[in-house]
Amino acid sequence: MNEQTVRTLVQAGAVRKVHIVGVGARVHVEIETPAGTTAATTTRGGIKTWSTLDTCARWVRALGIGSARLDL
């Protein structure tokens, strides 16, 4: 699910929960919707990852999401 799709789902109110998941030294975001849970992806189709937690949290906040769960 790319950033544009996530933004559309947030605006429609279809996002139930957001999980920031730490795997090794990287973090990624998983979006929970009524259809299931999917990781945020890049435009090329790979999983979108960040090297720091604060940059990931800023990205989530910029989407209009006010809360997220952190899974380490």
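Which residues have the most contacts inside the largest nonpolar core? In this predicted model, local features need pLDDT of at least 70 and side-chain atom pairs count only at pLDDT 80 or more, while totals for chains, interfaces and linings use all residues. Residues are numbered from 1 along each chain as its sequence is written, and side-chain values use heavy atoms, with hydrogens and water left out.

The residues with the most contacts inside the largest nonpolar core are Val29, Trp59 and Val60. This core has 14 residues. The elements giving two or more residues to it are α1 (3-12), β1, β2 and α2. A nonpolar core is a set of buried Ala, Val, Leu, Ile, Met, Phe, Trp, Tyr and Cys residues joined through side-chain atoms within 4.5 Å. Buried means under 20% relative accessible area, exposed over 50%, and partly exposed in between (1.4 Å probe, protein chains only). Helices (H or I, at least four residues) and strands (E, at least two) are DSSP runs, numbered from the N terminus. In soluble globular proteins, nonpolar side chains tend to be buried together. Valine 29 touches residues that include Val18, Ile20, Trp50, Cys56, Trp59 and Val60, with residues up to four places away in sequence not counted. Contact here means heavy atoms within 4.5 Å.

Strand β2 (residues 26-33) is largely enclosed by the rest of the structure, because six of its eight residues are buried. Strands pair if DSSP finds at least two bridges between them. Strand β1 (residues 17-23) pairs with β2 in the antiparallel sense over seven bridges. Lysine 17 stands opposite glutamate 32 in β2. The two strands β1 and β2 form a hairpin with two residues between them. Glycine 24, in the turn, has a positive phi of about 65°.

Strand β2 also runs antiparallel to β3 (residues 36-39), joined by four bridges. In this pairing, glutamate 32 stands opposite threonine 37. A hairpin through two residues joins β2 to β3. Two bridges join β2 to β4 (residues 49-50), again antiparallel. There, histidine 28 stands opposite threonine 49.

Proline 34 lies in the loop between β2 and β3. It counts as exposed, at 59% relative accessibility. Proline 34 touches Ala14 and Arg16, not counting residues up to four places away in sequence. The C-alpha atoms of proline 34 and leucine 72 are separated by 24 Å, the two residues being 38 apart along the chain.

Leucine 72 also belongs to a nonpolar surface patch of about 330 Å², made with Leu53 and Leu70. Patches are made of residues with over 30% relative accessible area and no salt bridge; like charges are joined within 9 Å, nonpolar side chains (Val, Leu, Ile, Met, Phe, Trp, Tyr) within 5 Å. Accessible areas come from the Shrake-Rupley method with a 1.4 Å probe; for residues, only the protein chains shown count as cover. Leucine 53 is found in helix α2 (residues 53-62). At 38% relative accessibility, leucine 53 is partly exposed.

Three salt bridges are found in the whole structure. A salt bridge is a side-chain nitrogen of Lys or Arg within 4 Å of a carboxyl oxygen of Asp or Glu. In helix α1, arginine 7 and glutamate 3 lie four residues apart, about one turn of the helix. Their side chains meet at 2.9 Å, N to O. Arginine 58 is exposed at 54%. Aspartate 71 forms a salt bridge with arginine 69, with closest N and O atoms 3.0 Å apart.
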